[in-house]
Amino acid sequence: MSTPAHTHHTLHADDTRHARPVVELTGVTKEYPGGVQALRGVDLTVLDGELLGIVGPSGSGKSTLLHIVGTLDRPSAGRVAIAGHDVAALSDRALSALRSRHVGFVFQSFHLVPGISARANVAEGLLYSGLSRAERGRRAAAALERVGLGDRMEHRPHELSGGQKQRVAIARAVAGEPDLLLADEPTGALDSASGRSVMELLHELNREGATIAVITHDQEIAASLPRSVRIRDGEIVSDARHPRPGPHPGALPRNHGEPS
């Protein structure tokens, strides 16, 4: 159930010169009190239609990078632009509006509201969209259909498996058709079969046009994606595009839920 804006195909390495940047980081540094440098001069561009992995061990800076790209935190130095908007020029309120409109988040622990249906959980993600309640409900239903949960719309989180909960979380993240989907260890809390299924879904959404960054410590997941950015000690140490799709996600994950 994608809108016309989401009908283009997965971006391959030879298409990159035609795509617009969704994320532009230039010389981004993040320092915390006590002189801790979580990011050191990071340059990163993510183009419309890309599917990439940001991979690194615990303490590498990938969670800080997620927060900066997701506009949940501001850099100490450097420039951040999301969907063409310079983050430094925005008030906190404008930044919050930018985030709700342009960025969708998927977390390892799902963050679903207990006691309400899958459809209501997805609709809640559209609360600040300005849409009517009826339209939010329609979009929520369409998003659940899109992730293969058309028959689970009225189920509450405790009635769903881990993999189904993550699909609801993904539906919530994509319901507003954001420019960027950030998936933080999306398979971390799942068994291998559910993890494979979730990665296949992300590949499918990317083929429909979604721009997706997967933050992970799992090298196999990163290697299966069209682009992998490796981060260590707050710096990008490699950034590789794979001209052909990597191994089928069936070869994937051993999920140990390592914190990022």
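1. Arg79 is partly exposed, with a relative accessible area of 36%. This is a value from a predicted model. Arg79 pairs with Asp86 in a salt bridge, at 3.7 Å from N to O. Asp86 is partly exposed too, at 29% relative accessible area.

2. The structure contains 13 salt bridges.

3. Arg20 and Asp179 form a salt bridge, and their closest N and O atoms lie 2.8 Å apart. This pair ties together distant parts of the chain, 159 residues apart. Arg20 sits in the segment before strand S1 (21-32). Asp179 sits in the loop between H5 and S7. Are the two partners buried or exposed, wholly or in part? Asp179 counts as buried because its relative accessible area is 18%, under the 20% cut-off. Arg20, at 39%, is partly exposed.

4. Arg119 forms a salt bridge with Glu154, with 3.1 Å between the closest N and O atoms. Here again distant parts of the chain are linked: Arg119 belongs to helix H3, and Glu154 to the loop between H4 and H5. The two residues are 35 apart in the chain. Arg119 is partly exposed, with a relative accessible area of 30%.

5. Some salt bridges share partners. Which residues do they join into one network? The members are Glu50, Arg227, Asp239 and Arg241.

6. Now the nonpolar interior. Nonpolar side chains tend to be buried together in soluble globular proteins. In this model the largest nonpolar core has 36 residues. Ile170 and Leu202 have the most contacts inside it. Which element supplies the largest share? H5 does, with six residues.

7. Which residues does Ile170 contact, once neighbours within four places in sequence are left aside? They are Val106, Val147, Val198, Leu201, Leu202 and Leu205.

8. Another core lies apart from the largest one. How many residues does this other core have? It has 28, among them Leu66, Ile68, Val103 and Phe105.

Methods. Residues numbered from 1 in each chain as written. Predicted model: local features only at pLDDT ≥ 70, side-chain atom pairs only at ≥ 80, totals over all residues. Heavy atoms only, no water. Core = buried A, V, L, I, M, F, W, Y, C linked by side-chain atoms within 4.5 Å. Buried < 20%, exposed > 50% of the residue type's maximum accessible area, 1.4 Å probe, protein only. Helix = DSSP H or I, 4+ residues; strand = E, 2+ residues; numbered from the N terminus. Contact = heavy atoms within 4.5 Å. Salt bridge = Lys/Arg side-chain N within 4 Å of Asp/Glu carboxyl O.
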